[in-house]
Amino acid sequence: MELTPEQILQICKGDQEIASIVQLIYDQQNARCKQLEARVLELEAEVHDLKRQLGQNSQNSSKPPSSDGLRKPPVNLRQPGGKKGAPKGHAGHTLHQVAQPNHVVDLSVGSCCPYCSSAWSDAPATGYEKRQVFDLPAPEVVVTEYRAEKRLCACCRRISQAPFPSEVKAPVQYGHGFAAWTVYLSARHMIPLQRIQEIFADLTHHSLSEATLLSFQRSMHTKLKPLEDFIAKQIASSAVLNADETGFRVEGKTRWLHTHSTPEWTLLHLHSKRGFLAFSEVGILPHFRGTVVHDCHTSYFNVKYTFIHALCGVHLMRECIGIIQNDRQRWAAHMLRLLRVSWHRVGEAHAKGLALTKGEIERIESLYDRILELGATVWNQGKVRPKVGVKGRKPKSPGANLGERFLNHKTAILRFLHDAQVPFDNNLAERDLRMSKVKQKVSGSMRTKEGARQFARAQGVISTLRKQGLGILQSLIQVGKNSFSFAVVP
């Protein structure tokens, strides 16, 4: 409670001179207290923001799982419980005996009966029980010798020689299998070149130099280019695609690895930028007319693009969890529950080959609007970091930023309710980028841009092979022989 001049004069027993001195001191102390209160509020907001940053993980923000380290996230978006193992109705996989084994070993019961010691001379065989052992033999290098015939013409006395295959260019060289294994071990299993050398030396007793392995990667990079172009055309003609990007260290600097994905195809592209320039170089999004599922990065909302937007619901759920944990705002908990229930309900309907009814969709959209009406009353109550500098907009609380995103992009967020082809999340694109994070953990940073581009192209083709159930190693060997092509997936 502040004292009025009359109260101060009364305290000083009517002495005007003393009262004026007390009033001056009182005003100075009061102003100082207000400054300290403002500073305390500013520091509380800063501490709250720092605690929020420190508590961020892959479950309550857009941070990737690779940033969690060894600590376990406190929450999980997946429903707990349930039976472990394969889902109900799964056929399972097991070994089955083959009709034509490679080797047969006959086992004799002995020369006499183990029970009465009678000789088997008069005892007929009644059959046998068979068991089969599946094993992996030690690899063996196969050497193929090409002999180009020479003939001397009896007429012109000139010698003619049969041509060698185009890929046989030296008296002694390695074949397509070594090149395919090199790309397979490097791009799929993230094994460094030095350890690939050790693997070849241990398995084949041939010690290949690092320069030879690099030449394998360069040649395969060139041969994979037509396949990458074919993948890009298939993605560009699809009705729905997932898009995402992640930071990728190259030559000690952060570059961006972009993915355009469908359930059958994966295209990876490395670029120094994250947005419009990278999209233009890939050449898919500027002309795409279907639906793009993404994470709401501003680059996707360029006015030049005409595709339909669909936002990742899981990213929004994570941010709702962050608001719940840090700001205790109830609307975020209601929205999290609504998104989770809607996701589950759509999944149940799709499993039965059905779509949500118009009434169900209207009920979900009505709840969506009511939750945001509740949220609008508390968004600005969250801690806001102080504005730095004179330019730019005044910062908003995380709750206000998230709430406005829900308001502005309602149609894109709930598109999965109306279109069965649109997924609820962007996990498809994130899975296609996950191996690049593994590569970065192993290597730290790609040493050259050339090596990073080779990895991106090989990883995109390998991801596509896995999606289509094709053998990776055998397919890469066929690529080396220029005899591989993708079948068009309807």
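Reader: Which helix gives the most to the lining of the largest cavity?

Author: This is a predicted model, in which local features need pLDDT of at least 70 and side-chain atom pairs count only at pLDDT 80 or more, while totals for chains, interfaces and linings use all residues. Residues are numbered from 1 along each chain as its sequence is written, and side-chain values use heavy atoms, with hydrogens and water left out. A cavity is a set of points on a 1 Å grid over the protein atoms alone where a 1.4 Å probe fits but cannot get out, and lining residues have an atom within 4 Å of a point. With 4 residues, the element that contributes the most to this lining is helix 14.

Reader: What volume does the largest cavity have?

Author: The structure holds 1 cavity of 30 Å³ or more, and among the residues lining the largest cavity are Glu228, Thr266 and Arg457. Helix 5, strand 5 (266-271) and helix 14 (449-467) each give two or more residues to this lining, where helices (H or I, at least four residues) and strands (E, at least two) are DSSP runs. A volume is the space filled by probe spheres set on the points, and for the largest cavity this comes to about 40 Å³.

Reader: How many residues line the second largest pocket?

Author: A pocket is an open set of points with protein on both sides within 12 Å along at least five of seven lines, and the second largest pocket holds about 1,600 Å³ of space. The residues closest to its centre are Gln173, Tyr174, Gly175, His176 and Phe178, and the lining residues number 39.

Reader: Which helix gives the most to the lining of the second largest pocket?

Author: Helix 3 (176-188), helix 4 (193-204), helix 5 (210-236) and helix 15 (472-480) each supply at least two lining residues. With 6 residues, the one that gives the most is helix 3.
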